[in-house]
Amino acid sequence: MSAGSRRDVLGGLGAGLVLAGMGAGRAIGAPRKIGYAVVGLGYYATRQIMPNFAGCEHSSLVALVSGTPAKLDQYGAEYGIPKTHRYSYADFDRIRDNPDIDAVYIVLPNSLHAEYTVRAAQAGKHVMCEKPMATSVAECETMIAACRKAGKKLMIGYRSRFEPYNRLAIELARGGHVGPTRLITAEHGFPIQPGQWRLDKPLSGGGSMMDIGIYSLNAARYLTGEEPVEVSAIESTDRSDPRFRTVEDRITFALRFPSGIEANCISSYSSAHNGYRVIGTEGWIGMEPATPYTGQTMMIRKGNKTEPRVLPAPAKNQFAGQLDHLAECVLNGTTPIVAGEEGLADLRVIEAIYRSAAERRHVSLRA
């Protein structure tokens with residue numbers, strides 16, 4: 001993509017950077033908070049990420065970066081971000097001079113994740129990057145290397161890893177609550193509306209697999225705690241549909257894990273589903289919906305009984321939990337549970353899925 005095209009896309013999206021925590025208004029003696037800059041002021045950033053700083057213990061919103069001055073004004077006023085902490089893409093690299101910014105949260109089109117992660121690391125900032133981590137394994141490796149060289153944390157925005165029901169599902173599945181796992185089914189899809197950057201391959205890197213399908217893939221990986229050794233995939237796309245001129249609609253894919261567990265998964269831009277089921281020798285653990293913003297529901301079948309599992313409301317929702325996890329890792333010098341290597345692992349499988357679908361064969365992932 002040309003520099004001019006990139007500027008046009010960024011300007012249209014109004015990407016933004018939100019800084020938090022160490023601003024001049026912090027009271028003396030107040031607990032240390034990590035200041036975030038959110039890069040990208042689109043729907044997800046402004047409707048999901050930014051409002052949830054209010055529920056954080058260790059994180060705060062301190063700056064904005066956007067290609068749209070009107071968005072800088074609007075959200076700057078709404079969140080009390082001073083003009084000195086509002087940046088355009090042209091002066092993004094000046095964040096290195098702002099000590100209030102500890103970390104950036106990159107919420108840009110997938111093809112820009114690598115560039116802005118590297119630039120943020122070079123500016124001396126920790127990085128939270130939305131999933132998918134990038135559009136290729138090579139880009140992921142570049143991002144990891146840049147953050148390692150700068151001595152900064154790199155975390156990928158896998159919010160479900162901080163959601164109570166999904167955390168419980170991991171514990172139960174790996175702990176053999178319904179016996180050893182034999183099969184996992186995971187299905188994620190929604191009917192996508194036309195006109196989105198996600199339908200432009202140069203920006204997205206792919207279709208449903210790079211967007212909603214990653215939830216099916218990541219769930220299979222975190223529920224087993226294993227890495228797949230073989231994949232097979234079939235793509236089904238109606239190329240007469242104007243939405244799918246450059247990207248795929250539906251991919252069904254199967255994963256085989258070292259222990260013998262198999263996972264059958266769906267990624268779709270033309271059907272609505274969100275759930276997974278872990279099937280063991282003594283029953284199953286079901287989540288439907290499994291990974292929405294709110295409203296997860298769990299059912300467990302064990303022996304002859306099928307019962308819901310209801311958890312109390314958490315102190316923090318998945319968004320605040322995710323933001324605070326990186327902050328705690330920065331403050332404590334620990335490694336995020338979803339570090340850059342987690343995003344790299346997903347991209348390795350995604351590349352194999354695309355290869356399998358294109359070549360119509362099983363693809364081995366063994367080292």
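The model is a predicted one.

Let me start with the helices. Helix α8 covers residues 213-224, and helix α10 covers residues 340-359. Their axes come within 11 Å and cross at roughly 115°. As for handedness, α8 passes α10 in a right-handed crossing.

Which residues make the contact between α8 and α10? From α8 we have Ile214, Leu217, Asn218 and Arg221. On the α10 side, they meet Glu342, Ala345, Asp346, Val349 and Ile350. Sorted by type, the residues of this contact are 5 nonpolar, 1 polar and 3 charged.

Next, the aromatic rings. How many aromatic pairs does a search of the whole structure find? The search finds 7. A ring pair is described by the distance of the centres and the angle of the planes, and I will give both for two of the pairs.

Take Phe92 and Tyr116. Their ring centres are 5.0 Å apart with the planes at 75°, so this pair is edge-to-face; the cut-off for that label is over 60 degrees. Phe92 lies in the loop between β3 (86-87) and β4 (103-106), while Tyr116 belongs to helix α4, residues 113-122. The two are 24 residues apart, and the pair links distant parts of the chain. Both Phe92 and Tyr116 are buried.

The second pair is Tyr293 with Phe319. Here the ring centres are 5.7 Å apart and the planes stand at 65°, so this pair is edge-to-face as well. Tyr293 sits in the loop between β12 (283-287) and β13 (298-302), and Phe319 in helix α9, residues 318-332.

Phe319 has a relative accessible area of 3%, so it counts as buried. There is a further ring to mention: ring pairs link Tyr44, Tyr293 and Phe319 into a cluster.

Last, back to helix α4, where Thr117 has its place. Thr117 is at 0% relative accessibility and therefore counts as buried. What does Thr117 touch, leaving out residues up to four places away in sequence? The list is Ile106, Val127, Cys129, Met143, Cys147 and Leu154.

How values were computed:
Residues numbered from 1 in each chain as written. Predicted model: local features only at pLDDT ≥ 70, side-chain atom pairs only at ≥ 80, totals over all residues. Heavy atoms only, no water. Axes fitted to C-alpha atoms, helices over the stretch in contact; angles between N-to-C directions. Helix = DSSP H or I, 4+ residues; strand = E, 2+ residues; numbered from the N terminus. Left-handed = near helix turned anticlockwise from the far one by under 90°. Contact = heavy atoms within 4.5 Å. Nonpolar A, V, L, I, M, F, W, Y, C, P; charged D, E, K, R; others polar. Phe/Tyr/Trp six-rings, centres within 6.5 Å; stacked < 30°, edge-to-face > 60°. Buried < 20%, exposed > 50% of the residue type's maximum accessible area, 1.4 Å probe, protein only.
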